[in-house]
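This briefing walks through selected features of one protein model. Keep the sequence and the 3D view open as you read.

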Amino acid sequence: SIYEMFGNECCLSTGEVIKVIGFKINKLIASICENNEVSQFSAKVELPLDFPGLYKVVADETPYISIEEITRKVSIGPTRFGHPCFYSPEDIKLANLTIKHGEQITFNSVEEVNGMMAVNCGVVRNNQTHSFTLPLSQEGKFYECEDDQIYTLKEIAEWKIPKCRNRVVKLSNTLHTWDSSNPLPENFGGCLILTPVYEVQAVMKFRKDIVHILSDLDVEVKDITDCYDVSSFLQPLCLEDVFERTSKEFPMVAEIMEGPSGTQKPYNLLHTGKEIIIYKKYQATRVLASEIRSGSPKRHFLIPLSYKGKFKRRPREFPTAYDLEIARSEKEQIHVVATKAFDSPHKELFSVSVGDQFLIQQCQTSEVLYEGRKKVIDVLACEQILSDTYKKVFLPMYMEGGFVEVIHDKKQYQLSEICKEFRLPFNVKVSVRDLSVEEDVLAAVPGLQFEEEITDSYLLISSTSSPVESWEIPVYRLNMLVHLLSKDVQTVVHPATKTTVEEISEEQYYMVRRYENQTLHPPPRPPKKPT
């Protein structure tokens, strides 16, 4: 058989020995779905894994009949996506715990316990996680729980399509304007049934790259695993696999089997066949920033704290009095101008006109008369700036108005200073570009909003041939395969580290915010009008 993909031919001749290293969804066949069934008017369309948009997973109504079936068909692993949730319509009685019917069970990992394979699980009760194990032999009906997260198609293909099953998804956010090349109908916001098309990933004895073979290739094969020395094959590792190695195993030398796409340094240096030193793994802080502009799409960046440019402040906008309270800090008093009028329903509180100026002081409570009864509500104490004096006024915290900040601070700030001295979000523009890099991508952006600090996983690498500088590469946003070489690292001390501003796609932006916000408590809702 002769197979061609990505412009390369893969000839499978008689007697060729192939080591299968994995199965991967190559593309998805989508049909428009009505009531969890394919619409009779729907044509099937082919969607690549990088097809834009964010999707919600619809819970599968077909139950699994045992824990063993779940582990066989559903992806369970150490990453963020590998913790599926199920419930049982019947109580499950364990030695020290009874799982109630309908209670959400999170599957965390599969491992051997007392000589038997089991799944480490958890249930949350009163904000406390109770851990337990379920043996693979456990039978019963297990249904998928509803999933309120959003995913890209690539994430769904890798983690959320069980083997031998289709997956129904609902479009959550298209992210892009529709055009005639889009295979989905204009303004489509419904559900799709996704049918995966698989490819086999394999390595050959005398090739250093990954061979991709479509699963419908017409070729006969024989399993010779038990009578062949499989250790003679290369062992490909993705960056997540490398990151899961223990810290004692670093530094290590690796050869790239599949390099990432991209023209930005260092991605353009990481081509197939290149040898690299991986010095260590670690967590690093980045500031998530978005371009300030009225239209879309906006550009998004992850900025290292080592960025050497300088910033000047730009005015922030506050849609409510509540937002003013959140932004308030001890360092300085916020000075704002009202851009929208507000008529207060209470004579004790101030009515705002467009152009009124205020100095924001603090949140406190105030007594107001409402329908003949006295009520205590949260208010924002301010000083109204008049021509020759100041007047103390109170704004209701629920007030929906509009304010623009007046900037008096002309200082130029380093990124680390802003993160230390001010609350995010914070608006800036680059006043002095970073001269340590050839091209500072932030310098051309008219305005930036620093949204939040995030922590992400990185590997520190350099070239073996010219280790004059080392680079940080993101573990979860870089598609790259390597295999480890049994070579000694000449020096454990890594060269000077180059950190870069990483421009990320809109899908990646939503993913970064989603992961970060999972670890935070949501902010309290703004107060409502008294009733």
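Strand β30 (residues 448-463) runs antiparallel to β31, and 4 bridges join the two. The model is a predicted one.

**Around strand β31**

- The link from β30 to β31 is a hairpin of 6 residues.
- Strand β31 (residues 470-474) is mostly covered, with 5 of its 5 residues buried.
- S470, E472 and P474 point one way from the strand, while W471 and I473 point the other way. Residues on both sides are buried.

**An open sheet of 6 strands**

- The strand order is β7-β14-β8-β11-β12-β13, the sheet is open, and the pairing is antiparallel.
- β7 (64-66) and β13 (128-135) are the edge strands, so named for pairing on one side only.
- From one strand to the next, the twist averages 45°.
- Strand β12 (residues 116-125) pairs with β13 over 8 bridges, in the antiparallel sense.
- Within that pairing, N120 is bridged to T133 of β13.

**Loop residue L97**

- L97 is in the loop between β9 (92-93) and β10 (98-99).
- Is L97 buried or exposed? Its relative accessibility is 17%, so L97 counts as buried; the cut-off for buried is under 20%.
- Beyond its neighbours within four places in sequence, L97 is in contact with I92, R125, H130 and F132.
- L97 and S131 are 34 residues apart in sequence, with their C-alpha atoms 9.5 Å apart in space.

**Helix α2**

- Helix α2 (residues 153-160) has 6 of its 8 residues buried, so the helix is largely enclosed by the rest of the structure.
- The buried residues are L153, E155, I156, A157, W159 and K160.

**Aromatic rings and charges**

- The count of aromatic pairs comes to 10.
- Y87 and Y143 form a stacked pair, 5.6 Å centre to centre with 20° between the planes.
- Y87 lies in strand β8 (residues 85-87) and Y143 in strand β14 (residues 139-144), so this pair ties together parts that are 56 residues apart in sequence.
- Y87 is partly exposed, at a relative accessible area of 28%.
- Y64, F86 and F107 are linked into a cluster by ring pairs.
- Y64 also has a charge over its ring: the charged end of R165 sits 3.8 Å from the ring centre.
- The charged end of K280 likewise sits over a ring, that of Y282, at 5.1 Å from its centre.

**Cysteines**

- How many disulfides does a search of the whole structure find? The search finds 0.
- A disulfide is a covalent bond between the sulfur atoms of two cysteines.
- C227 is exposed, with a relative accessible area of 62%.
- C382 is buried, with a relative accessible area of 0%.

Technical notes:
Residues numbered from 1 in each chain as written. Predicted model: local features only at pLDDT ≥ 70, side-chain atom pairs only at ≥ 80, totals over all residues. Heavy atoms only, no water. Pairing = 2+ DSSP bridges. Axes fitted to C-alpha atoms, helices over the stretch in contact; angles between N-to-C directions. Buried < 20%, exposed > 50% of the residue type's maximum accessible area, 1.4 Å probe, protein only. Contact = heavy atoms within 4.5 Å. Phe/Tyr/Trp six-rings, centres within 6.5 Å; stacked < 30°, edge-to-face > 60°. Lys NZ or Arg CZ within 6 Å of the ring centre and 35° of its normal. Disulfide = S-S within 2.5 Å.
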